[in-house]
Amino acid sequence: MTIKQKMIEPFNAQIKSEFSASAQYIAIAAYFDDLSLKELAGFFYRQSEEEREHAMKFVRFMLETGAKPIIPSIPELRNQFDNPADAVQFALDQENKVTDEINSLVDLSISEGDHAANNFLQWFVFEQVEEVDTMTTLLQTIKLAGNNLLLVEDYVRRNPQDGGEDPAA
Ligand SMILES: [Fe+2]
Ligand SMILES: [Fe+2]
């Protein structure tokens, strides 16, 4: 086993966090889909796929380093939102929380001298910079658009962001 013992429980906790984020983004996507805001819905469906892939990166890393990942249950999620800005603010809060979690994992990898885990986590460090930036910009765009959410739909259509389906990315 090359992973340091003390990393295992926090890594399992991160698998739960990433799968939870994935499911939460489906709930947010469904909220927008129900409002016929198809571009925003598509954005959050893509985000959900990304979060699932984040969880799978942790699953694969644990198996590669000799630890057995524990696939978690998903906690209760939020399915009701007051308005689009509320939904995106909630997504931004979630990304900020995950950023704190990743930073704590990096701290632990340093104190444990787990260089492989540290190297693995560096990808997530910058991924979180992008996630927080993307969500901050989307929230700001919604606020600027006011009541005209079709402007936001147009913005998302022209900026599919890090949804993974943009061939130019
Ligand atoms: Fe993530
Ligand atoms: Fe994320």
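Is Glu131 buried or exposed? Glu131 is buried, because its relative accessible area is 1%, where buried means under 20% relative accessible area, exposed over 50% and partly exposed in between, with a 1.4 Å probe and protein chains only. This is a predicted model, in which local features need pLDDT of at least 70 and side-chain atom pairs count only at pLDDT 80 or more, while totals for chains, interfaces and linings use all residues. Residues are numbered from 1 along each chain as its sequence is written, chains are lettered from A and ligands numbered from 1 in the order in which they are written, and side-chain values use heavy atoms, with hydrogens and water left out.

**The iron ion (ligand 1)**

- Glu18 (OE), Glu51 (OE) and His54 (ND1) coordinate the iron ion (ligand 1) at 2.1 Å, donors being N, O and S atoms within 2.8 Å of the metal (3.2 Å for Na, K and Ca), and since water is not among the atoms, sites may look incomplete.
- Along the chain, the donors of the iron ion (ligand 1) follow the spacing E-x32-E-x2-H.
- Glu18 lies in helix H1 and Glu51 in helix H2 (residues 38–64), so this pair ties together parts that are 33 residues apart in sequence.
- Glu18 counts as buried because its relative accessibility is 0%, and Glu51, with a relative accessible area of 2%, is buried.

- Glu51 coordinates both the iron ion (ligand 2) and the iron ion (ligand 1), which are 3.4 Å apart.
- The protein donors of the iron ion (ligand 2) are Glu51 (OE), Glu95 (OE), Glu95 (OE) and Glu131 (OE), and they lie 2.0 to 2.6 Å from it.
- The angles among the four donor atoms of the iron ion (ligand 2) run from 53 to 150°, and the site is irregular; four donors count as tetrahedral if all angles lie between 85 and 135 degrees, four count as square planar and six as octahedral if opposite donors are over 155 degrees apart and all others between 65 and 115, and anything else is irregular.
- The donor residues of the iron ion (ligand 2) are spaced E-x43-E-x35-E in sequence.
- Glu95 lies in helix H3 and Glu131 in helix H4 (residues 115–145), so the pair ties together parts that are 36 residues apart in sequence.
- Glu95 counts as buried, because its relative accessibility is 1%.

- Helix H1 (residues 5–34) has 30 residues and should span 44 Å at 1.5 Å a residue, which agrees with the 45 Å between its end C-alpha atoms; helices (H or I, at least four residues) and strands (E, at least two) are DSSP runs numbered from the N terminus, and the expected span is 1.5 Å times one less than the number of residues.
- H2, with 27 residues, reaches 39 Å from its first C-alpha to its last, close to the 39 Å expected at 1.5 Å a residue.
- Ser36, in the loop between H1 and H2, has a phi near 65°, a positive value in a residue other than glycine, and Ser36 is exposed, with a relative accessible area of 54%.
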